[in-house]
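Please look over the sequence and the structure shown below before reading on. The paragraphs after them begin with the chain as a whole and then turn to one of its elements.

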Amino acid sequence: MAEIQIKGVAKSFGAFTALHSVDMTISDREFMVLLGASGCGKTTLLRIIAGLETPTQGEVWIGGRRVDHLPPKERGIAMVFQNYAVFPHLTVFENIAFGLRMQKMAQPEVQRRVNRCAELMHIEQLLKRYSGQLSGGQRQRVAVARALAMEPEVILMDEPLSNLDALLRLEMRSELKGVLAESKTTAIYVTHDQVEAMSLADRISVMNGGHIVQSADPVEVYRNPAARFVAGFIGNPPMNFLPARQTGAGRYHVAGTDVIGPDTDARIEYAVRPEDLTLTEPGQGLSATIRVVEPLGAHILVTCDVEGASFRAIIDSDARVKPGDRLNLAPMPDRVRWFDKETGLSVQ
């Protein structure tokens, strides 16, 4: 069992607080992604779990054992970094075997583990090559194979695909998820790329300002963001937000139309994703004036002006639209979300 428990972990660098009392449990064999913008604290949290940073306060437990006082080599973890750290003077075989050699493991076991991990990462034909003869994607595979060869309880990955081009990232994402599921290893993956997070994770923890804002499976995070920050961070393009004026109990006026909303005294915002809008008849839905038209193959992204606010909608590619046209956009009622303007939290 390699369940990870983060209990009240905080980290300060002088007067700056990078993490604010983070609590988190990562289940055995779960693929957890820490997602957030630069400076949100995700890498600091990963480094504390790895033992590369000491928490200012709090505890780290792995597999029922407290480890925050232990050096990295005694925590049962392996780490894959953004820069591959593949040794240029060693063959692919010796790169993968490096950690095993440091443990003075017997040669037959080294051979078994290296061959197994090379097969998992589809690089068995490269074992005799040096890193200078490899592409970026192949070097990344070597780095992951080296980590897996240690048969760790936990594997930690810090933006490992960020140096690859778009096509290689797509290929590596699909392979990485399958490999880690087969290796039965608990994984924590740090990224600022929401596409990576959505495609890889069993669960996403969205971080902002040293706090975990929401932790849930990808569909839940996307469909039911717990806070305005999550709604604006997840999605490409992100959610649209419009001011809502209360006209009665549970009734609001939004962009020229009356809508039903939560019965609350809080000042709230109306939010809907661009793909959850459909074209409707004049006089219905939200009235919008097109500013920019972006054909994207299967659909068209239009940026509109809705009562002075920038508003995006995804419409069918067969629509014949141009800047200056007027549209009426009808949100799918079950896809509308509401957020408190002061707290930023979701309002049910």
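Among the contacts (heavy atoms within 4.5 Å) that link residues at least 6 apart in sequence, 65% join residues at least 24 apart. The model is a predicted one, in which local features need pLDDT of at least 70 and side-chain atom pairs count only at pLDDT 80 or more, while totals for chains, interfaces and linings use all residues. Residues are numbered from 1 along each chain as its sequence is written, and side-chain values use heavy atoms, with hydrogens and water left out.

The chain has eight helices and 21 strands, where helices (H or I, at least four residues) and strands (E, at least two) are DSSP runs numbered from the N terminus. Of the 348 residues in the chain, 50% are buried, a term that means under 20% relative accessible area, with exposed meaning over 50% and partly exposed in between (1.4 Å probe, protein chains only).

Helix 4, which runs over residues 136–149, has 14 residues and reaches 20 Å from its first C-alpha to its last, close to the 20 Å expected at 1.5 Å a residue; the expected span is 1.5 Å times one less than the number of residues. Because twelve of its 14 residues are buried, helix 4 is largely enclosed by the rest of the structure. The buried residues of helix 4 include Gly 137, Arg 141, Val 144 and Leu 148, and the buried residues of this helix pack against strand 6 (77–80), helix 2 (92–102), helix 3 (107–120), strand 7 (154–158) and helix 5 (166–183). Helix 4 is followed by Glu 151, which has a positive phi near 50 degrees.
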